[in-house]
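This report looks at a metal site and at the packing of helices around it and elsewhere in the chain. The sequence and the structure come first.

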Amino acid sequence: MIKYQGMSNLKFDIEKRQGLARVGVIHTAHGDIKTPAFVGAATRATVKALTMKEMRELGSQAILANTYHLVLAPGTDLIDAAGGFAEFSSWHGPSFTDSGGFQIFSLPDVKLSEEGASFKSHINGDKFMMTPESSMRSQWQIGADIHMAFDQLAKSDKHEDMLRAMEQTHRWLDRCVAEHKNLADDAEKNGRYPQYLYAVVQGGTFPDLRAASAKYEAALDVDGFGIGGVFVADGMDGMLQNVNSILPENKPRHLLGMGQEPIDLFVGAEYGCDTFDCVGPTRMARNGSLYTLDGRINIKNAKYKNDFTPLMPECDCECCQNYTRAYLHHLFRIDEITAKVLASIHNEHFVVSVVDKIRESLLDGTFADYKEEFLKRYYK
Ligand SMILES: [Zn+2]
């Protein structure tokens with residue numbers, strides 16, 4: 001168990017800036033995250049089809065689990081009893097938890113009150129209530145380094161609905177900050193390692209609400225920011241420019257749930273986001289939809305049956321270094337488990353590497369060239 005190191009606020013060093021983009025290092029008790037960085041989706045404390053050793057070897061720096069899913073199974077008491085997320089999952093690097101707001105408010109029978117949200121488990125129908133306080137306690141029990149505040153997600157194209165959800169999110173955020181502080185004080189007394197809180201910026205697709213949310217949250221004592229809620233990739237640059245021009249420069253920003261399309265990683269980094277997570281790359285991998293520098297391909301397609309070249313010759317992942325497209329095609333056609341494993345290794349490595357290269361290109365001043373060259377070839 002890692003002990004408390006006297007870090008009361010999350011340390012984030014910015015090495016270089018270019019416009020709104022930054023290159024930095026987030027320091028957690030479980031290690032550093034060099035940013036910009038792609039964070040692997042470990043929703044249920046596992047990255048589907050991959051072991052934690054494979055995640056480390058493919059270059060992942062950090063992973064993100066989901067509080068909603070872990071509250072349902074195996075329960076946060078159990079993860080706490082195991083010694084926390086790192087011990088339980090054997091991921092000993094930096095980690096995040098999302099609050100579960102997004103998932104809970106996507107359930108069909110969720111009931112909202114000022115107190116919190118009541119809902120039924122999608123697994124067995126059991127009734128649950130999540131409040132800002134219970135979300136904070138659950139996240140401290142899980143023990144990831146960085147937590148997201150419990151937010152209300154609204155899916156609406158009406159300004160009044162989004163305003164109401166944003167205001168609810170802000171009232172809950174105040175309660176999250178208070179509860180997080182209590183839990184952080186307890187942890188310090190007990191010699192437990194520090195855990196940090198990100199506020200989640202809401203406002204949907206309305207620029208005035210995004211700006212209002214960023215302004216409200218910028219003034220709070222939080223360690224960083226998640227940029228969440230519903231927005232479309234089209235126009236994401238303007239939304240991020242709006243929000244990230246308001247958020248304090250010295251705190252890290254996480255773009256929630258974006259990164260399936262490589263262009264979103266370039267836009268996210270360019271407009272000031274430091275970390276990204278998305279279930280898309282591994283989900284697509286399990287379906288045989290695989291990234292190459294020339295765009296995504298479906299490896300199940302008959303044209304790959306006799307293709308004895310690597311999936312992506314430029315890639316240094318375990319899959320591309322050792323296996324051919326014909327072999328992957330065969331594994332997918334017979335529905336072999338290994339197909340999902342190799343495909344997930346490649347897709348996850350691909351997005352992790354794209355963001356690593358964005359970092360390098362920002363450092364050596366070639367970001368604009370890298371972006372143009374990559375996107376031209378990928379989306380031609
Ligand atoms: Zn590969």
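In this predicted model, Cys315 has a relative accessibility of 5% and therefore counts as buried, the cut-off being under 20%. Cys317, at 3% relative accessibility, is buried by the same cut-off.

Both cysteines belong to the zinc site, where the protein donors are Cys315 (SG), Cys317 (SG), Cys320 (SG) and His346 (ND1), lying 2.1 to 2.3 Å from the zinc ion. For four tetrahedral donors, the ideal angle is 109.5 degrees.

Helix H13 (residues 325-333) has as its buried residues Arg325, Ala326, Leu328, His329, Leu331 and Phe332. The elements against which these buried residues pack are tabulated here.

| Element packed against H13 | Residues |
|---|---|
| helix H11 | 280-286 |
| strand S15 | 289-292 |
| strand S16 | 295-298 |
| helix H12 | 318-322 |
| helix H14 | 337-363 |

After H13 comes Asp335, which has a positive phi near 55 degrees.

A further packing involves helix H6 (residues 132-142) and helix H7 (residues 159-190), whose axes come within 8 Å and cross at roughly 35 degrees, the crossing being right-handed. On the H6 side the contact is made by Pro132, Glu133, Met136, Arg137 and Trp140, while H7 contributes Trp172, Arg175, Cys176, Glu179, His180, Leu183, Ala184 and Ala187. Sorted by class, this contact comprises eight nonpolar, one polar and four charged residues.

Methods:
Residues numbered from 1 in each chain as written. Predicted model: local features only at pLDDT ≥ 70, side-chain atom pairs only at ≥ 80, totals over all residues. Heavy atoms only, no water. Axes fitted to C-alpha atoms, helices over the stretch in contact; angles between N-to-C directions. Helix = DSSP H or I, 4+ residues; strand = E, 2+ residues; numbered from the N terminus. Left-handed = near helix turned anticlockwise from the far one by under 90°. Contact = heavy atoms within 4.5 Å. Nonpolar A, V, L, I, M, F, W, Y, C, P; charged D, E, K, R; others polar. Buried < 20%, exposed > 50% of the residue type's maximum accessible area, 1.4 Å probe, protein only. Donors = N, O, S within 2.8 Å, 3.2 Å for Na, K, Ca; no water.
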